[in-house]
Each structure stands twice: as structure tokens, then as C-alpha cells.
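Subject: Structure handover

Hello,

Here is the structure I promised to pass on. Please open it first, then read my notes below.

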Amino acid sequence: MIPKLLLAAALLANAPAVAAQRTARPKLLVGLMVDQMRPDYLTRFYDQFGEQGFKRLLRNGFQCRNTHYNYVPTVTGPGHSSVYTGTTPRYHGIVGNSWYDRRLRRDVYCTDDSTVQLVGTPKGIGVSARNQVSTTLGDEMKMVSNGRSLVVALSLKDRASALPAGHMADGAFWFDMNTGDFISSTYYVPVLPKWVADFNAQKKADFYRQQTWTPLRGPEAYLNSVADSNAFERIFKGKTAATFPYNLSQLAPLNPPAYEAVNISPFGNNLLTDLALAALAGTELGRDDVPDLLALSYSSPDPVGHTFGPLSKEENDLYLRLDLEIARLLQALDKTVGKDNYTIFLTADHGASEVPKYLAQHQAPGGAQHHATLNQGAADFLVQQLGPGQWLETERNNMYYLNRPLIASRKLELARVQNLLADYLREQPGIAQVNTTAQLLTSGTGAFLETKLQNGLYYPRFGDVRFELQPGWTWELGVGATHGSGYLYDSHVPLLWFGAGISPGVSYAYHGITDIAPTAAMLVDSKLPSACTGQPIVEVLSPAAPPKRRQ
């Protein structure tokens, strides 16, 4: 046993180190998520970025270059949940942007909540994080501070605001593309706070809806992108080609809802930064020594990517403009919170594939399956094997839901029917991996895709048979980008850390996206979320001597 005097001496000796650690604790933690951002955007566009946006984060922060989503599907709802809960869909329950509910026999959207009402608009289904069955980083910060930590989440998408906000937030606000206002629900606030109402009164969305999107820079800034006129992009209604310029005032009336054109443009990012600056000015975020959380999700890169693809001039230009928004946000944080008083992490909710038509034209591996063809083939096969009946209820998120009441009434074993369907799917073109739910629940850690399927399995919302397509394969050989698979083009995302408690550096070690929440929790002295499976990133918290950075 250590003598009490020696123990006291050891504690006193370590006190300065403990105190030094606590002085680095930020007053404000800012979570930045970019919807559909690949890591190569930081290198492809680096030379054209300004000095005060992404370059400042890279120059003075810590970069984790090998960060991945460790489950499928790689889509917005599960992505935001996983970052802020520190776990995968298997434990937080958000298995997709929507899923099929066997009991209700219909689809359920990830943030639908009929027990609450929207605030700020008279129409629509209530929104909350109730379907998320794990606590979030913000929830834990609220609990350990006895409610004194402020937690605010902002995005254009409801799911990218409500899910990061969690269950105890002081506010979650998202963009109503029908009215141009930011709204919330009674799950979070009874009425819109004054700073949000005042922001809506400025009608900034109307201002941005009158803008014309033209290239920010000259031709030399877009050398790593394909030509503006090409066959790989969707064409807006109201235009005859997917080429600059884009006059949003002419596009908006032709693309309902009314403010959709703002969302599918870089001006959606401007609008969100405007709201973030209003939040910093109109709330007490970062004003005292109790750490607060501001969760921001830039949504517009996702519809722009889906429309034009990752190699497009439009995507290139959007990121040059987003760089300016990051700089504007950092400048506001410096002024309102103080340079040494906030910490940022920046990541994405998923990556993106190359455009299928681009891959085909360049003889790269890829192909297309077709939902209707595959589903009809599966249904016909089960009828041939089992007799007449509607054996399939539906297919969602690459999952087949079998008609279990029919299977029970025919006195068939569920596992047998699952295996029959799985065997059929394995023979179809473009199918890489097929597993029954029983296999995923009972087998040990499997291969690359099988492990990701296991991590995405939350049984109450899961189907009977789950499959993945081959690399490069999609559901149509079309234009624009897509995402959702377990392959690296969808799972590999950037991760940057910057600010208080962060030393410059870089790591090439593998990290799961679930490592973000526990790392952030250590920075703000918080508990870990209730179902957290990630591990703190030691390199971020205790970095070695920093390497030389590119200037």
C-alpha cells in the first residue's frame, strides 16, 4: 500500500500537468459536417483555397487522413448519428434515412415523430431524435454539467440537425424549403427563439434565391475537373445544358419546393453560415467556462454532388466557395469566443462514387442493377420454390423484408426461406455480398463487407436478407454521383481537428468514424455516449512532434 504522504506528494506533483490539461479545455466545441465530402477534395483543390479556410485548419490543426465509416449504408441519417453517438447503427438504431417498419407495414423516416409538432411552420410531421436509441455527445455534456452546457444544432436538413442535437439539446433548427425559414419542433423548443425569428425576418433565403451562380475563379482553378459541358451531369429544369451560369431566380419556380434551387447551389452554404453567425451573436454559446456544443452540417454539397458529380466544375467551384464560408465562420469564432477558446472537428457523413456514365466511358469497373428487375426476379423465384403468395413485403436499403405471417401460416422455417432468397441473389449480376440476418447475428467478425453489414444491423428495423453490389455498380447507369455502399469511395471521409487542445500534426493510422465522439468527449471532459463503441484518437489528444506541414 502506498503511504498517504507519498500519495499526496504524487498528486501534488501531477497537479500542474492536470491543470495544464484543463486550461486547454474549450469553451465551445464546434462539430462541422459536410454532406458528401471526400478527402481528395482537400488535396485536389488545395492550391486554389484561400489562406484562412481549409488551409488554416490543415496548417494549424491535426489531420486524420485514414478515417472511415465502418458500416453500411453510408447515407446522411446514419452518418450524423454515428459521429455524435460514437457507435454504429447496430447500437444507435438509425439504419437508414428511412426504413420499413414491420409492425406499421410502412416506411418510417429517421426523424419522424408524430408526438411532437413543428415550430415555425403550420404544416408537416413532427421531427425529433426519438428514433435514435443511444445518447449523443451533446446529451452527455448536458448531463455532466447539470444542464449548463448549451447544445445547438443547425443544418438545411432536418435529420442533419435533429440527430446530432440528440435528446436534450437547447435547440435544433433546419431549413424549410417551402417557406425559406428555419424551423424546429416542440421536442426542442416551444416557440422559435428570438434570434431565429429575427434571422427569418431578414429573408436571406429570398436574397440567395435571386443570385446567379457563376465560376468564382478563372479557368486555371478548375484543371482537376472535367469540362463544364459533358454527358455526366443532370440538367436543371429550365436549362438545356448543365453548364454555367445558373440563374436561381429562373430555376426556383420550376423546381419545387420553392427554395430547392438555393439548396442545390453553393448559396445554401452561405445561408447556413449566416445562421451560425446569428447563433453565435444571439446565444450564450462559448461565453463561460462550461463547454458548449455547436453542431453545424453543410447540406448543399450533397445535392450538388448528386446533380453534377465529384469531378464536375460545379463541385470544384462549390468547394472553393465553401472554403470562404469556413474562413468566415472561423473569423466569427475568433471574435465572439476567442482564438484559444474553441475546438473544431470537421468531417463528412459519407463520400461519393464517381458518376456511373463516366466510369463506363473510361472502361473502369462498374455496372448497373435495376430495382424493378431484381425485385420481380426475387419474387418470382420464391413463388416457384414455395408456391403462390406475396413472399416479399418490400425491399429497402438493399434489404429484403419477407412476409413472415405468410411464412408462419404455411408452416415454413424462416431460416429456410431466407437462405433460398440469399442463394438466388448470389447468382445475380453485380451482387458482391449476400447475408441473411440470422447469419449476421450469429457469425463472428467476418470479411470486409460482412463486418460492415453486421455493424449496420439493428434487428428491430432490419430486413431478412441484406446484399451489397459490386464495386462501381449502382442502381442505374446514370448521371450525377451516388453513395451508400461499403466501399472506400463512400466510406473514406476527411477528419480535421483544430483549436484549443490541438497541436498541428497528421496521422495515417486507420480510425473509424465512431472515434470522433470519444475523442471530443475527452477534450471537453464529458462522459461517453451510452452506446459508444469508438476509441479516443490518441494522436489527437497526445500528439508526437508535429511533422512539417505544406505551406
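Lys-55 lies over the face of Tyr-46, 4.8 Å from the ring centre. The charged end of Lys-313 does likewise with Tyr-222, at 5.2 Å from the centre of that ring. (A charge sits over a ring if NZ of Lys or CZ of Arg is within 6 Å of the ring centre and within 35 degrees of the ring normal.)

Before the rest, some ground rules. This is a predicted model, where local features need pLDDT of at least 70 and side-chain atom pairs count only at pLDDT 80 or more, while totals for chains, interfaces and linings use all residues. Residues are numbered from 1 along each chain as its sequence is written, and side-chain values use heavy atoms, with hydrogens and water left out.

Next, Asp-228. It sits in the loop between β10 (212-213) and β11 (246-247). (Helices are DSSP runs of H or I with at least four residues, strands are runs of E with at least two, and both are numbered from the N terminus.) Asp-228 is buried yet has no salt bridge. Buried means under 20% relative accessible area, exposed over 50%, and partly exposed in between, with a 1.4 Å probe and protein chains only. A salt bridge needs a side-chain nitrogen of Lys or Arg within 4 Å of a carboxyl oxygen of Asp or Glu. The nearest side chain of opposite charge is Lys-313, 5.0 Å away. (Lys and Arg count as positive, Asp and Glu as negative; His and the chain ends are not counted.) The side chain of Asp-228 does reach the backbone nitrogen of Phe-244, at 3.0 Å.

Phe-244 has another feature. A cis peptide bond joins it to Pro-245, with omega about 0 degrees. Pro-245 is in the loop between β10 and β11. A cis bond also joins Val-72 and Pro-73, with omega about 10 degrees. Pro-73 lies in the loop between β3 (67-68) and α4 (76-85).

Now the aromatic rings. The count comes to 28 aromatic pairs. Rings of Phe, Tyr and Trp (its six-membered ring) pair if their centres lie within 6.5 Å; planes under 30 degrees apart are stacked, over 60 edge-to-face, the rest tilted. Phe-173 and Trp-195 have ring centres 5.5 Å apart and planes at 75 degrees, so the pair is edge-to-face. Phe-173 lies in strand β8 (171-176) and Trp-195 in helix α8 (194-201), so the pair ties together parts 22 residues apart in sequence. Phe-173 is buried, at 2% relative accessibility. Trp-195 is buried too, at 12%. Ring pairs also link Trp-213, Phe-236, Phe-244, Tyr-246 and Phe-308 into a cluster.

Phe-308 brings us to helix α13. Seven of the eight residues of α13 (301-308) are buried, so the helix is largely enclosed by the rest of the structure. Among them are Pro-301, Asp-302 and Phe-308. Gly-309 follows the helix, with a positive phi near 95 degrees.

Which residues other than glycine have a positive phi? Asn-398 is one of them, with phi near 60 degrees. It lies in the loop between β15 (392-396) and β16 (399-402), and is buried at 11%. Lys-411 is another, with phi near 60 degrees. Its place is the loop between α17 (404-409) and α18 (414-426), where Lys-411 is exposed at 76%.

Best wishes

Conventions: Polar contact = N/O pair within 3.5 Å; in protein donor to acceptor, adjacent residues only side chain to side chain.
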